[in-house]
Amino acid sequence: MKAATFFFVLCFCGLTRVLFSPIALAAEPRAWEISGPYQSNPLKRATLAGSAMVGGAVGHAWLVVSCRPGAGLWAALRVDGVLAGRFPVDDFEGPGGVGESSRLLKVAMGNNGLERSFFSSGTRQENDIFEWSFALPPSETRCWLDEAGRGLRIFVQRPGAADEPLEAVFILPEQAQPLRELVMPCMPCRGYLK
């Protein structure tokens with residue numbers, strides 16, 4: 001494992017705050033893994049491995065982008081059981097979870113100072129994995145494609161608390177074409193990504 005350090009500058013009300021986030025990332029380059037998880041189903045997924053931390057624990061995280069023509073684009077943050085066990089995932093799980101009424105999931109890209117907030121829905125997956133899913137707008141999709149090779153961070157804030165959030169870090173692959181091809185059928189205007 002090779003330690004990678006990311007510095008992010010976020011601007012709030014004219015103030016600049018530098019966030020420091022050391023998370024161990026694998027030394028080998030990451031790539032989008034494309035899959036069609038169900039036979040005879042048009043659903044396609046692109047998965048990117050990363051790392052996450054909360055409460056001093058570091059674990060595995062995955063960013064999953066899903067496209068099913070006619071159903072739009074969805075993204076999901078998945079974390080392993082070590083991290084889920086240190087975070088109040090029960091508050092996010094199922095219909096009525098706090099993420100459905102509060103924008104507790106935030107996405108920050110590189111050093112561009114932008115942080116976007118999303119409603120999210122939480123579910124438990126196989127192998128003790130927890131997932132937060134959220135609708136992926138075309139503008140965010142375009143940003144992920146245009147920022148290939150840069151860092152992307154996803155935070156999930158604890159409900160009603162100022163405690164440290166769960167933080168996941170991904171390096172968007174230099175080769176964005178696999179993701180671009182996957183999302184094209186789900187974009188409202190396919191020329192938007194050209």
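**Figure 1. Overview of the predicted model and its secondary structure.** Helices (H or I, at least four residues) and strands (E, at least two) are DSSP runs, numbered from the N terminus. By this assignment the protein has 3 helices and 12 strands. This is a predicted model, in which local features need pLDDT of at least 70 and side-chain atom pairs count only at pLDDT 80 or more, whereas totals for chains, interfaces and linings use all residues. Residues are numbered from 1 along each chain as its sequence is written, and side-chain values use heavy atoms, with hydrogens and water left out. Buried residues (under 20% relative accessible area; exposed, over 50%; partly exposed, in between; 1.4 Å probe, protein chains only) account for 46% of the 194 residues in the protein. The protein exposes about 9,700 Å², of which carbon and sulfur atoms supply 53%; accessible areas come from the Shrake-Rupley method with a 1.4 Å probe, and for residues only the protein chains shown count as cover.

Figure 2. The protein has an average pLDDT (the predictor's confidence in each residue, from 0 to 100) of 81, and 80% of the residues score at least 70. Among the elements, the lowest mean pLDDT, 34, belongs to strand S1 (residues 2-12), and the highest, 96, to strand S6 (residues 73-79). Over residues 1-28 pLDDT stays under 50, and for these residues the model has 66 contacts beyond four places in sequence; a contact means heavy atoms within 4.5 Å. Across the protein, 56% of the contacts between residues at least 6 apart in sequence join residues at least 24 apart.

**Figure 3. The disulfide of Cys67 and Cys186.** The model contains 1 disulfide, defined as a pair of cysteine sulfur atoms within 2.5 Å. The bond joins Cys67 to Cys186, with an S to S distance of 2.0 Å. This pair links distant parts of the chain, 119 residues apart: Cys67 belongs to strand S5 (residues 57-67), and Cys186 to the segment after helix H3 (177-183). The link of Cys67 and Cys186 is right-handed, with 95 degrees about the S-S bond. Both Cys67 and Cys186 are buried. Another cysteine, Cys143, counts as buried at 16% relative accessibility.

**Figure 4. The largest nonpolar core.** A nonpolar core is a set of buried Ala, Val, Leu, Ile, Met, Phe, Trp, Tyr and Cys residues joined through side-chain atoms within 4.5 Å. The largest such core has 44 residues, among which Val65, Leu77, Val79, Trp132 and Trp144 touch the most other members. Strand S5 supplies the largest share of this core, 5 residues.

**Figure 5. Aromatic pairs around Phe92.** Rings of Phe, Tyr and Trp (its six-membered ring) pair if their centres lie within 6.5 Å; planes under 30 degrees apart count as stacked, over 60 as edge-to-face and the rest as tilted. The count comes to 5 aromatic pairs. Phe87 and Phe92 are stacked because their ring centres are 6.0 Å apart and their planes lie at 25 degrees. Both Phe87 and Phe92 are buried. Phe92 also forms an edge-to-face pair with Trp132, at 5.7 Å centre to centre and with 80 degrees between the planes. Phe92 lies in the loop between helix H1 (81-84) and strand S7 (105-109), and Trp132 in strand S10 (residues 129-135), so the pair ties together parts that are 40 residues apart in sequence. Trp132, like Phe92, is buried. Ring pairs link Phe87, Phe92, Phe130 and Trp132 into a cluster.

Figure 6. Ser133 is placed in strand S10 and, with a relative accessible area of 19%, is buried. Residues up to four places away in sequence aside, Ser133 touches Ala75, Ala76, Phe119, Ser120 and Ser121.

**Figure 7. Positive phi at Asn127 and Asp128.** Most residues other than glycine have a negative phi. Asn127 has a positive phi, near 60 degrees, and Asp128 has a positive phi near 65 degrees. Asn127 is placed in the loop between strand S9 (121-125) and S10, and Asp128 lies in the loop between S9 and S10. Asn127 is exposed, with a relative accessible area of 68%; Asp128 counts as exposed at 53% relative accessibility.

**Figure 8. Contacts of Ala148.** Ala148 is found in the loop between helix H2 (138-146) and strand S11 (151-156) and counts as partly exposed at 24% relative accessibility. Beyond its neighbours within four places in sequence, Ala148 is in contact with Leu172, Pro173, Glu174 and Ala176. The C-alpha atoms of Ala148 and Pro173 are 5.5 Å apart in space, with the residues 25 apart in sequence.
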